[in-house]
Amino acid sequence: MNKLIIAFALAALAAPALHAQESDAQKGTDASRLDNSAHNIDQNEARMRANLFNDLQRNDHLTAVNSLANLTKLRVKLAEAWQSLGLSAPAAKAVAAAYNPNFSLNSRRASLQGKTDAEIAAMIQSSLAKKDYLLANQTLIDFQTKRTRLGTDTSPDGMH
């Protein structure tokens with residue numbers, strides 16, 4: 001019986017120690033799971049950032065390709081407009097080739113407000129004579145835009 005009591009006493013003493021070991025092992029497993037979960041979240045975020053960056057690069061490339069195609073088409077139309085105004089085909093192409101779409105946003109523009117067609121024609125001729133093809137192109141575009149608006153007092157950039 002003494003052996004039985006000693007066995008129960010040892011079991012009673014060993015149970016909390018075993019439970020503590022299991023609990024520590026479980027905590028270690030939980031911590032390991034949390035570490036793995038945090039690592040997976042970090043990896044997923046890194047993948048998402050890389051995919052976003054790749055998408056942005058792809059979109060920038062497509063935008064550049066489309067812009068170049070649109071600029072080419074616009075320059076062809078400008079050359080046709082210059083030819084209709086009397087320039088030779090080579091001269092019209094040379095003037096149109098100088099067109100820069102950023103020019104209208106970033107530089108001086110001739111105001112067409114209150115000007116007659118003859119005055120605008122003189123401004124365009126003066127720009128051509130000075131070989132200021134950027135200004136000549138933009139003035140022609142502004143004039144055509146003004147004409148399509150059928151005499152409204154609004155300039156092409158929306159200003160009065």
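Helices are DSSP runs of H or I with at least four residues, numbered from the N terminus. The model shown is predicted, and local features need pLDDT of at least 70, side-chain atom pairs count only at pLDDT 80 or more, and totals for chains, interfaces and linings use all residues. Residues are numbered from 1 along each chain as its sequence is written, and side-chain values use heavy atoms, with hydrogens and water left out.

**View 1. Lys131 in the loop between helices H4 and H5.** Lys131 is exposed, with a relative accessible area of 62% (exposed means over 50%, buried under 20%, partly exposed in between, with a 1.4 Å probe and protein chains only). Val95 is 36 residues from Lys131 in sequence, yet their C-alpha atoms are 8.5 Å apart in space.

**View 2. Helix H5 and its buried residues.** H5 has 16 residues and spans 22 Å from first to last C-alpha, close to the expected 22 Å (1.5 Å times one less than the number of residues). Its buried residues include Leu135, Leu140 and Phe143.

**View 3. The packing of H4 against H5.** The two helices pack at an angle of about 160°, with axes 7 Å apart (axes are lines fitted to C-alpha atoms over the stretch in contact, and angles run from 0 to 180 degrees between N-to-C directions). H4 and H5 are therefore roughly antiparallel (an angle over 145 degrees). Residues in the contact (heavy atoms within 4.5 Å) include Ile120 and Leu128 of H4 and Ala136 and Phe143 of H5.

Methods. Angles under 35 degrees count as roughly parallel, over 145 as roughly antiparallel, 65 to 115 as roughly perpendicular and the rest as oblique.
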